[in-house]
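The points below are grouped by topic.

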Amino acid sequence: GSLVAAVLAHSGRLDKEHLGARVGRLSRRGEVCTMINKKYSEFLPSMQSAEDLVAQVERLSNNIDLLKAGIENEVQRDLNVAVAEFTELKQQLERDTLVLSVLKKLQEFDTTIKECNSALQEKQYVAAAQQLEKARSSLRSLESRRGFELKILKALGTELTVQTQNMIYHLGEEWQKLVVWKLPPSKGSSSLEAVVLSELHLHTVPPQDEDTAVPPVAAVLQALAVLGELHSKLKDFGHLLLQYILKPLISHPSLAPVPEEQPDVFILRFRSQELALDESSPMEVFEKIKLVFEVLHKYLLNVPLEQPGEGRVTLAELLGELIWEELSDCLIHNCLVNSIPTNSSKLEQYKEVIESTEEFEKALKKMQFLKEDTTALLKYACNVDSHFANKKCQDVIMAARNLMTSEIHNTVKITPDCSVALPELPDPGSGDHTKLPRACSLVPNGTVSVGSESRLSPLTLCLPCCRISSSVQQLVELAYHTLLEATASTDLCCVQLFDCVRNIFQLFYEVVPTYHRENLQKLPQLAAIHHNNCMYIAHHLLTLGHQFRYRSTSVLSNGAATFVDLVPAFRRLGMECFLAQMRVQKGEILERLSSARNFSNMDDEENYCAANKAIKQVLHQLRRLGMVWQDVLPVNVYCKAMGALLNTALAEIVTRIAALEDISAEDADRLYSLCRIMVEEGPQVFTPLLEEDKNKKYQEEVPVYVQKWMTFKELMIILQANLQEIVDQWADGKGPLAEEFSAAEVKSLIRALFQNTERRAAALAKIK
């Protein structure tokens, strides 16, 4: 019951609230309607005004459209016509302006040409040249206009060229009047006779006997500079100046300039002094050249010019740029080179040349002939040490080459106690670098102590007696003197001279075998001398560097100054040449023995004569060799060489006889007689010395040098022995025969000499 009551109460409250809301809404609607009516009554007049305004705008728009149509139809047409007329007038103005400028340029060209001709007639060359350049500028301006071409321009160019060449011709004539060369008939010759006849005339003042005044030199030169022709004129002038004045003064010591000044001309002549030295000193040459430039500077070169693109310069500067390089080269190669000392002791005196060179360059710079940074001559003169070394090396190499290509057969004898003209080397600690060369022995006298008891012979390490070419002795002397010169020079010069000495010996190694190849191959004596030459050089090379080690600079004193590395090459060079000659001689010996018909059938008289002839030819060849090598080769080399050749002959004879299959008793006797000739006359070919009594010693020592000597003697014994004697000589392989022949060779000889019997069989059985 309570629940129902609550629901009813709640619904009653809802109905009351809904009713109140509806009443409120109705009252608000009435207020809105009232407000709308009020606004409407206010809006009607505004709307009417807006409609009137719209009507006015439409009328105005129509008027604008009418006005626009009128402008487009009438005004635009008139405007286009006006623009076209303006454009045409503008183009016409441009054409008229261009024509006017061209006419002005043509007028300028014509005016400048007229003024040029007028100035040229009055000999105002600078003004005339300037007018020509203005005319050239006007013509270039006309030619540079694109789209505007006139046929007259070609004619104007031709006229300008004619006027320019006419101007150049007149300037050339004036130049020839100012500078007159009187040259000898034979132009191009720079001999002393031609130079003496040459003269240079400078007309710096107009001559008094001529009505037409010669224009000043400055005007002519400036006009040439404006036209761009000055370089060509100066080049020609510089060429003549070099050929007929400057170079002859450098090349001919007897030539001296003789300036002569007259009222209207300056003349430069030359005279040849009667007493002339072979070479002029640089100081004398510099004075002569300086005198020439001083007078040229006074009368010609001291002219200021306005050079296009370079500003203000003097004629001396322009001429210097053209000829200085050639002139400095001539001064260096024909003057300074000759003044370089050939001896280091004269280097101090060369300071005078350096000072003179410096003064010479300063004088030329003062005259503006040289630029301030030009020092070619002074640099060359100051670098005297290098030039001295180069010149010294060149002279040494040339002297060495002349010695190498001279005759080998001109000889001198070298003995251990001989004195050779080589420079004396002071004690390393003495510091004496000024001793002059004199004849001395490189080997100390007396014995050399090597310990408390042992002593070496004074001849130890000495070169044995032999003959060498005098040119080689001079070559070694040259090497010693050059090294002595190096020790007194600067470090750079010392190293260069040391290398020069090495080059001498390397040059000998290459040149001599090639230059003298034919003679060394054909002539045994020259081959022997060349062998000695090489051994002589190698002998000195062993100690050459060591002797100068403590006298040279620090650059070489560390052991680098050595020639020991060249020693094996020189020894090999000498031995190869001599061994090649030995091979030739051995070939000739074998060729002669080949005509002996193998020493067979000696009972035939013809065969015996052939063998006898071959033996005598061999002995003759050996005797001839013994004579040409006598007193040339060292004794030990001589004996070894002759022993080797004799051994070749004996070995060939032994081989031929041992190869025979049948030797009769008569054959054996004749073979023995032939062998006896070799044994008797063979030792006589050993004549190493000129004194006959001293040669006996070496003739008795033949078995020492001839390896097959005892073999040959044993062969002779076999040829004359019976079977028992042969067996005794064999002595069961322990006798002298066994030392020279093998068992097979002895058996072969027994079979050839003896018939086949029991005794021969028994003897053969014992040979084993």
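A residue counts as buried under 20% relative accessible area, as exposed over 50%, and as partly exposed in between. Y705, at 22% relative accessibility, is therefore partly exposed. The model discussed here is predicted.

- Four strands make up an open sheet in the order 1-2-4-3, with antiparallel pairing.
- Strand 1 and strand 3 (255-261) are the edge strands, each pairing on one side only.
- On average, neighbouring strands of this sheet are turned by 20° against each other, direction ignored.
- Strand 1 (residues 179-182) is joined to strand 2 (residues 199-202) by 4 bridges in the antiparallel sense, and V179 has L202 of strand 2 as its bridge partner.
- Side chains in a regular strand alternate between the two faces of the sheet.
- In strand 1, V179 and W181 form the covered face, whereas V180 and K182 form the uncovered one.
- Strand 2 also pairs with strand 4 (residues 266-272), in the antiparallel sense and over 3 bridges; L200 stands opposite L268 of strand 4.

**Helices packed on the sheet**

- Helix 6 (residues 230-251) packs on the sheet and touches strand 1, strand 2, strand 3 and strand 4. The direction of helix 6 makes about 50° with that of strand 1.
- Helix 7 (residues 282-301) likewise packs on the sheet, in contact with strand 1, strand 2, strand 3 and strand 4. The direction of helix 7 makes about 25° with that of strand 3.

**Helix 13**

- Helix 13 (residues 491-515) contains 25 residues, and the distance from its first C-alpha to its last is 35 Å, close to the 36 Å expected at 1.5 Å a residue.
- A bend of about 30° occurs in helix 13 at F508.
- The buried residues of helix 13 include the cysteines C493, C494 and C500, as well as R502 and F508.
- These buried residues of helix 13 pack against helix 11 (384-404), helix 12 (470-487), helix 14 (517-522), helix 15 (524-547) and helix 16 (567-593).
- F508 also belongs to one aromatic cluster, together with F498, F505, Y509, F563 and F570.

**Aromatic pairs**

- Across the whole structure, a search finds 13 aromatic pairs.
- The ring centres of W175 and F237 lie 6.1 Å apart with the planes at 80°, so this pair is edge-to-face.
- W175 in helix 3 (residues 152-178) and F237 in helix 6 are 62 residues apart, and their pair links distant parts of the chain.
- W175 is buried, because its relative accessible area is 8%; F237 is buried because its value is 2%.
- F686 and Y705 make a stacked aromatic pair, with 6.3 Å from centre to centre and 25° between the planes.
- F686 lies in the loop between helix 19 (665-681) and helix 20 (692-700), and Y705 lies in helix 21 (residues 702-705), so the pair ties together parts that are 19 residues apart in sequence.

Terms used
Residues numbered from 1 in each chain as written. Predicted model: local features only at pLDDT ≥ 70, side-chain atom pairs only at ≥ 80, totals over all residues. Heavy atoms only, no water. Buried < 20%, exposed > 50% of the residue type's maximum accessible area, 1.4 Å probe, protein only. Helix = DSSP H or I, 4+ residues; strand = E, 2+ residues; numbered from the N terminus. Pairing = 2+ DSSP bridges. Expected span 1.5 Å × (residues − 1). Bend = angle between axes of the 7 residues up to and from the residue. Contact = heavy atoms within 4.5 Å. Axes fitted to C-alpha atoms, helices over the stretch in contact; angles between N-to-C directions. Phe/Tyr/Trp six-rings, centres within 6.5 Å; stacked < 30°, edge-to-face > 60°.
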